[in-house]
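Biologist: Could you put the model up on the screen, please? I have a few questions about how its parts pack.

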Amino acid sequence: MVSRMRPSISKLNFAFLFLCFQLLQAQHHHAIDSLRSALANAENKEQAASLHLKLFNSFKRIHSDSAKLHIKNALQFVNGKLSDSLTAKTRLAQIEQNLIGNNYDSVFHYTENIIPLLKQLTAKEQVDLYSMVGTAHYYKSDYAKAIIAHRKAEKISDTNHLEAGQARVLYNIGIQYIKM
């Protein structure tokens with residue numbers, strides 16, 4: 001009798017998880033629709049770029065073509081027309097998009113462009129930057145440069161007491177040493 005109940009419990013668990021997933025998906029679509037509506041009513045370039053950046057972050061893991069479109073649109077506003085902070089965040093998203101797209105040389109190129117704006121990024125964003133650079137070096141099999149980038153991320157994490165960042169950075173450093 002117990003074995004007959006287990007499949008029904010599993011089916012109930014599956015149904016519950018499916019309903020939860022549907023609810024989360026509906027909330028995500030609503031959030032995206034709200035961002036698109038706000039973008040249509042953006043009053044200035046700074047606001048439009050910021051909304052494109054938020055849409056990029058919403059799409060980057062679920063629909064890469066839409067993410068590319070929104071980062072491209074955000075970048076159109078970057079050339080001296082945005083605050084340094086928003087320019088830095090947009091450039092960081094550009095680096096992330098290139099890493100996702102396996103364009104490692106572009107990651108290095110755009111990292112050079114963001115260095116003058118480094119102080120405009122939060123400590124977490126700086127850790128993310130150097131982690132992305134380290135990851136790009138890792139995929140190009142340049143493990144020594146990857147360690148250098150991850151060590152920069154580690155120093156920023158330690159200085160700013162970013163525990164989650166420290167764990168991720170130390171994991172990445174360990175992977176580099178294993179590969180060497």
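This is a predicted model: local features need pLDDT of at least 70, side-chain atom pairs count only at pLDDT 80 or more; totals for chains, interfaces and linings use all residues.

Biologist: At what angle do H2 and H5 pack?

Modeller: Helix H2, residues 45-59, and helix H5, residues 84-100, pack at an angle of about 30°, and their axes are 11 Å apart. Angles under 35 degrees count as roughly parallel, and H2 and H5 are therefore roughly parallel to each other.

Biologist: And is the crossing left-handed or right-handed?

Modeller: H2 passes H5 in a left-handed crossing.

Biologist: Which residues meet there?

Modeller: On the H2 side there are Glu46, Ala49, Ser50, Leu53, Phe56 and Asn57, and these meet Leu86, Lys89, Thr90, Ala93, Glu96 and Gln97 in H5. Sorted by type, the residues of this contact between H2 and H5 are five nonpolar, four polar and three charged.

Biologist: Changing topic, which residues touch the most other members in the largest nonpolar core?

Modeller: Those are Val107 and Leu129, in a core of 22 residues. At least two residues of this core come from each of H5, H6 (104-114), H7 (123-139), H8 (143-159) and H9 (163-179), with H7 giving the largest share, six residues.

Biologist: What does Leu129 touch, leaving out residues up to four places away in sequence?

Modeller: With those left out, Leu129 touches Leu92, Ile95, Thr111, Ile114 and Leu118.

Biologist: How many residues are in the second core?

Modeller: That separate core has 17 residues, among them Leu35, Ala49, Leu51 and Leu75, and Ala49 is also one of the H2 residues that meet H5.

Notes: Residues are numbered from 1 along each chain as its sequence is written. Side-chain values use heavy atoms; hydrogens and water are left out. Axes are lines fitted to C-alpha atoms, for helices over the stretch in contact, and angles run from 0 to 180 degrees between N-to-C directions. Helices (H or I, at least four residues) and strands (E, at least two) are DSSP runs, numbered from the N terminus. Angles under 35 degrees count as roughly parallel, over 145 as roughly antiparallel, 65 to 115 as roughly perpendicular and the rest as oblique. A crossing is left-handed if the near helix is turned anticlockwise from the far one by less than a right angle, and right-handed if clockwise. Contact means heavy atoms within 4.5 Å. Ala, Val, Leu, Ile, Met, Phe, Trp, Tyr, Cys and Pro count as nonpolar, Asp, Glu, Lys and Arg as charged, and the others, Gly among them, as polar. A nonpolar core is a set of buried Ala, Val, Leu, Ile, Met, Phe, Trp, Tyr and Cys residues joined through side-chain atoms within 4.5 Å. Buried means under 20% relative accessible area, exposed over 50%, partly exposed in between (1.4 Å probe, protein chains only).
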